[in-house]
Amino acid sequence: MTATQTAAPDAPARRGRPSHRLQRYGPAYAMLLPFALLFAVFLIYPLIRSIYYSLTDFNAIRPPAFVGFDNFAELILRDDRFHKAIANTVKYVIGSVVLTMVLGLLLAISFKSTSLRDRLLRTVFFLPSVSAGVGVVLVWKWIFMVDSWGLANTVSRFFGGGNHSWLADPAVSIPILVTMAVWGGAGYAMVLFVAGINAIPDELYEQASIDGASKARQFWHITLPLLRPVLVFVFITSTIGAFQVFEPVYLLWRRSASIVGGPLDSALTIVPYLYDMGFNRFQLGYASAIAWILFAIIFLVTLVQLRVTKTFKEFDR
Amino acid sequence: MHQAGGSLYSEDCTEVTVDSPEVVAGTEYWAARFSEQNVPTDQPDISGFAAGEYVFATGGSWNYDGLAVGFPELEGKWSSAPLPAGPANAGSFIGGNVMGVMAESDAPGTSAAFIDSVYSDEGVAAMLDTAAANNVLWLPPRTDKVAETHLDDANKGALTEIFETSVGPPNCSGWEPASPNVQLALQSIVLEGVPVEEALAAAKTEMEATLQ
């Protein structure tokens with residue numbers, strides 16, 4: 001107490017002395033400066049610029065002319081392709097996030113121990129998450145090739161079916177995207193869930209067992225509630241990532257410069273549509289508006305998720 | 001469409017003619033290939049063609065070398081040929097890339113000189129040599145130079161004949177932004193069974209919206 005009383009009057013004087021502050025924090029700021037400059041030039045400035053472009057008819061050739069909120073009005077009220085992209089994205093987000101979390105949780109529960117078998121299998125299931133994205137998509141493209149040597153058609157023929165034009169069938173475009181996302185993301189979710197599950201004290205399970213709780217009851221009343229922070233983290237990051245899906249759509253379905261969304265736009269999601277408008281048709285003002293609508297959607301969804309999580313926490317108390 | 005005597009636009013680019021009876025007839029014939037002859041709706045790999053899995057498929061000039069390099073055992077067993085002529089015209093569609101100089105360009109003279117160089121004897125020869133060294137068929141922008149490609153005589157002859165009657169995309173302002181929507185309309189015929197007249201009417205609406 002005495003030490004605090006004597007030190008307190010000196011502290012503001014020391015903090016306020018510019019030479020002392022510079023001596024103390026100068027090197028830190030100097031080391032941060034290169035990153036801060038790059039961050040400002042390559043992130044902050046383009047972000048601000050894109051807000052401006054979203055209010056113009058910028059086409060990369062002529063100087064942009066201010067059009068107010070026309071781009072946003074066109075997108076929200078009249079652009080059927082954008083509406084289709086939104087609908088496809090929502091289907092993809094729901095399918096991929098839910099299935100990734102369920103499968104990731106099942107894998108985590110199945111292979112959570114430190115035994116050699118579990119560690120090996122965790123590595124196997126985690127491998128897709130660290131594989132090169134473009135290479136993986138090209139393998140999937142091979143799987144769904146229309147030719148008889150495509151793996152999906154080989155399996156189809158083995159069971160008595162025939163060759164199918166998988167990538168030209170609008171009905172299976174989103175299921176194919178979801179399958180790829182779950183295959184690639186479940187292992188990552190599993191690793192996070194395993195860390196969360198192993199952090200739950202064993203005593204809780206022991207006490208529950210003594211009280212006669214079944215394994216299922218322990219899962220619902222101990223594992224899931226205590227895993228909620230990890231579940232929320234995986235849910236939010238998976239959702240944000242799913243809303244931004246681009247590479248699989250582009251690599252699987254781009255057949256010509258003007259077509260990016262697959263047959264009948266059945267695989268057209270928001271970011272490929274943004275790419276189409278911005279880099280195929282050079283409607284960069286319009287594409288910027290799409291980007292900001294996507295930002296607003298992700299922001300709102302994340303807010304709702306956090307709000308729901310907070311409500312659960314208050315309910316628990 | 002061209003073989004049936006139709007066109008996307010009128011000659012002066014003032015009118016969309018994609019719903020004319022000729023285009024309807026040509027489109028119906030094209031769509032029937034998928035329903036009647038099981039033509040794959042996806043773009044197949046060249047190996048499927050080599051294995052004899054298709055009666056018809058669409059691809060590009062890269063398939064010449066794809067076959068030659070990937071399936072040397074088929075050498076002498078295949079060749080290209082012009083499409084059979086339709087009721088009104090002979091000919092195929094020919095695509096490619098477009099080069100131009102923007103009005104706002106800082107160096108229009110240099111840009112134009114570069115484009116000229118691509119069409120020059122030296123430019124074409126250099127591109128052909130480089131392409132041949134990499135086992136890639138490069139079709140020169142000058143169709144009189146087809147004879148200098150590394151293809152065999154039969155394919156050179158076929159390509160020369162094809163180029164004499166082939167047609168490119170319409171040179172009408174508004175086609176580029178409209179073409180994706182026209183493709184979607186054509187897909188709806190094959191994949192959803194939309195009547196040809198209905199699909200072409202939808203395509204016409206999209207094309208008229210961008211016609212300048």
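Visitor: What helices and strands are there in chain A?
Guide: Chain A has 15 helices and 0 strands; helices (H or I, at least four residues) and strands (E, at least two) are DSSP runs, numbered from the N terminus. This is a predicted model, in which local features need pLDDT of at least 70 and side-chain atom pairs count only at pLDDT 80 or more, while totals for chains, interfaces and linings use all residues. Residues are numbered from 1 along each chain as its sequence is written, and chains are lettered from A and ligands numbered from 1 in the order in which they are written.

Visitor: Why is chain A described as more spread out than a compact globule?
Guide: The radius of gyration of chain A is 26 Å, well over the 20 Å that the globule rule gives for 317 residues, so chain A is more spread out than a compact globule. The radius is taken over C-alpha atoms, and the rule is 2.2 Å times the number of residues to the power 0.38. The C-alpha trace of chain A spans about 85 × 70 × 35 Å along its principal axes.

Visitor: Into which domains is chain A divided?
Guide: The division gives domain 1 (19–54) and domain 2 (71–316), with bounds from an automatic or database domain assignment. Their centres, taken over C-alpha atoms, are separated by 33 Å. Domain 1 of chain A contributes 4 residues to the contact and domain 2 of chain A contributes 7 residues; two residues are in contact if their C-beta atoms, placed from the backbone, lie within 7 Å.

Visitor: Changing topic, what percentage of chain A counts as buried?
Guide: Of its 317 residues, 30% count as buried, that is, with 20 or more other C-beta atoms within 10 Å of their own, the C-beta atoms being placed from the backbone.

Visitor: Which residues have the most contacts inside the largest nonpolar core?
Guide: They are A:Leu177, A:Met190, A:Ile270, A:Tyr273, A:Leu274 and A:Ile290, in a core of 59 residues. Such a core is a set of buried Ala, Val, Leu, Ile, Met, Phe, Trp, Tyr and Cys residues joined through C-beta atoms within 7 Å. Its largest share, 13 residues, comes from α9(A).

Visitor: And what does A:Ile290 touch?
Guide: Leaving aside neighbours within four places in sequence, A:Ile290 is in contact with A:Leu75, A:Ile270, A:Tyr273, A:Leu274 and A:Met277.

Visitor: How many residues does each chain give to the contact between A and B?
Guide: Chain A gives 17 residues and chain B gives 21 residues.

Methods
Buried ≥ 20, exposed ≤ 12 C-beta atoms within 10 Å, placed from the backbone.
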